[in-house]
Amino acid sequence: MEHVSTPLPQPPALPVLQADCSNCFALCCVALPFAKSNDFAVNKPAGTPCKNLRADFRCGIHTRLRDSGFQGCTVFDCFGAGQQVSQVTFGGRDWRTHPETRAEMFDAFPVMRQLHELLFYVAEALTLPAAAPLRAQLRDALAETSAHTRADAAALADLDVGALRQKINTLLLKTSELVRAKVPGRKKNHRGADLMGARLTGADLRGANLRGAYLIAADLSRADLRTADLIGADFRDADLRGADLRDALFLTQAQLNAAQGSPGTRIPPHLARPAHWTQN
């Protein structure tokens, strides 16, 4: 008798790590608070729908958010957590039709966003050849974090996301060190540095450590940021016109959305060029 091997079970596919507003119950417009500032025109407490939210869970001023004083909305990225909570955690039951889900759903969303952000970073780390020595640990972290995204609302509420983030951050830091070690020359260390408004036009920042750096309104035009570690860097109103961000480590869509850029700004292929950049 011919032996037929049983295929090994495949791990569940990763949840989508890009926002799909068409399958979300506008959780970022309801669950999260925002304060009147340059980013938001009004104050809004957590759990209260934004005044611009329509009955179909769409934004009534989506095409003119920036002109209406809601720039913060154009910057925010949930990494796909919104549709995961809406369609998976709560099985498509929305908070309007099923008001009993409101509290749990709104509490689950910020937790899920953190999990999706971690998945985004770990998935990127796994694509980096220099991270080969850490591949097994990264895969374990990916599987563990992905499993949490499939948990119910009660389990999400009890999850110690801080401990998980700390564990994964250690792996990401090691990944960063392995990648940046291959960049020749001395690398700049600006981890957590206050570089607000800094003049860094044309700066060679290849392989630099810019983790958590404050780059608000910094002039990074024509700067070379290839293989720079950008995790947690604050790019609000930073000038990235003509900058090279190809192969930058852990760059997110939200960071690009917060900055100013131009057609000449080079970005990683998995990220999108923000619409407001076309105006520069």
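Biologist: Why does Ala41 count as partly exposed?

Modeller: In this predicted model, Ala41 has a relative accessibility of 29%. Buried would require under 20%, and exposed over 50%. Because 29% falls in between, Ala41 is classed as partly exposed.

Biologist: Where does Ala41 lie, and what is Ala41 in contact with, apart from its neighbours within four places in sequence?

Modeller: Ala41 belongs to the loop that runs between helix 1 and helix 2 (71-75). With those neighbours left aside, its contacts are Lys36, Ser68, Gly69 and Phe70. Ser68 is 27 residues from Ala41 in sequence, yet the two C-alpha atoms are 7.4 Å apart in space.

Biologist: How many disulfides does the structure hold?

Modeller: The structure holds zero disulfides.

Biologist: What makes helix 3 largely enclosed by the rest of the structure?

Modeller: Helix 3 covers residues 81-89, and seven of its nine residues are buried, so the helix is largely enclosed. The buried residues are Ala81, Gly82, Gln83, Gln84, Val85, Ser86 and Thr89. Their packing partners are helix 1 (27-30), helix 4, helix 5 (135-149) and helix 6 (153-158). Just beyond helix 3, Gly91 adopts a positive phi of about 55°.

Biologist: Why is Thr175 called buried, and which residues does Thr175 touch, not counting those up to four places away in sequence?

Modeller: The relative accessibility of Thr175 is 0%, and buried means under 20%, so Thr175 counts as buried. Thr175 sits in helix 7 (residues 161-180). Beyond residues up to four places away in sequence, Thr175 touches Ala125, Leu128, Ala131, Leu134, Leu138 and Phe250.

Biologist: Which residues are closest to the centre of the second largest pocket, and what is its volume?

Modeller: That pocket has a volume of about 270 Å³. Of its 14 lining residues, Glu124, Thr127, Leu128, Ala248 and His270 are the closest to the centre. Helix 4 (residues 102-126) supplies the largest share of the lining, three residues. By class, the lining comprises nine nonpolar, three polar and two charged residues.

Biologist: Why does Tyr214 count as partly exposed?

Modeller: Tyr214 has a relative accessibility of 43%. Because that value lies between 20% and 50%, Tyr214 is partly exposed. The residue lies in the loop between helix 7 and helix 8 (253-258). Leaving aside neighbours within four places in sequence, Tyr214 is in contact with Gly192, Ala193, Asp194, Leu195, Met196 and Asp234. The C-alpha atom of Tyr214 is 9.0 Å from that of Gly232, 18 residues apart along the chain.

Biologist: What is the phi of Ala217, and what is the phi of Arg222?

Modeller: Ala217 is not a glycine, but has a positive phi of about 60°. Arg222 is likewise not a glycine, and its phi is positive at about 65°.

Biologist: Why is Ala217 called partly exposed, and Arg222 exposed?

Modeller: At 45% relative accessibility, Ala217 lies between 20% and 50%, and therefore counts as partly exposed. Arg222 has 55%; because this is over 50%, Arg222 counts as exposed.

Biologist: What is the average pLDDT of the chain, and where is the pLDDT below 50?

Modeller: The chain averages a pLDDT of 93, with 94% of the residues scoring at least 70. Over residues 1-11 the pLDDT is below 50, and beyond near neighbours in sequence this stretch makes zero contacts in the model.

Methods: Residues are numbered from 1 along each chain as its sequence is written. This is a predicted model: local features need pLDDT of at least 70, side-chain atom pairs count only at pLDDT 80 or more; totals for chains, interfaces and linings use all residues. Side-chain values use heavy atoms; hydrogens and water are left out. A disulfide is a pair of cysteine sulfur atoms within 2.5 Å. On a 1 Å grid over the protein atoms alone, a cavity is a set of points where a 1.4 Å probe fits but cannot get out, and a pocket is an open set with protein on both sides within 12 Å along at least five of seven lines; lining residues have an atom within 4 Å of a point. Grid points are joined across faces, edges and corners, and a volume is the space filled by probe spheres set on the points. Helices (H or I, at least four residues) and strands (E, at least two) are DSSP runs, numbered from the N terminus. Ala, Val, Leu, Ile, Met, Phe, Trp, Tyr, Cys and Pro count as nonpolar, Asp, Glu, Lys and Arg as charged, and the others, Gly among them, as polar. pLDDT is the predictor's confidence in each residue, from 0 to 100. Contact means heavy atoms within 4.5 Å. Buried means under 20% relative accessible area, exposed over 50%, partly exposed in between (1.4 Å probe, protein chains only).
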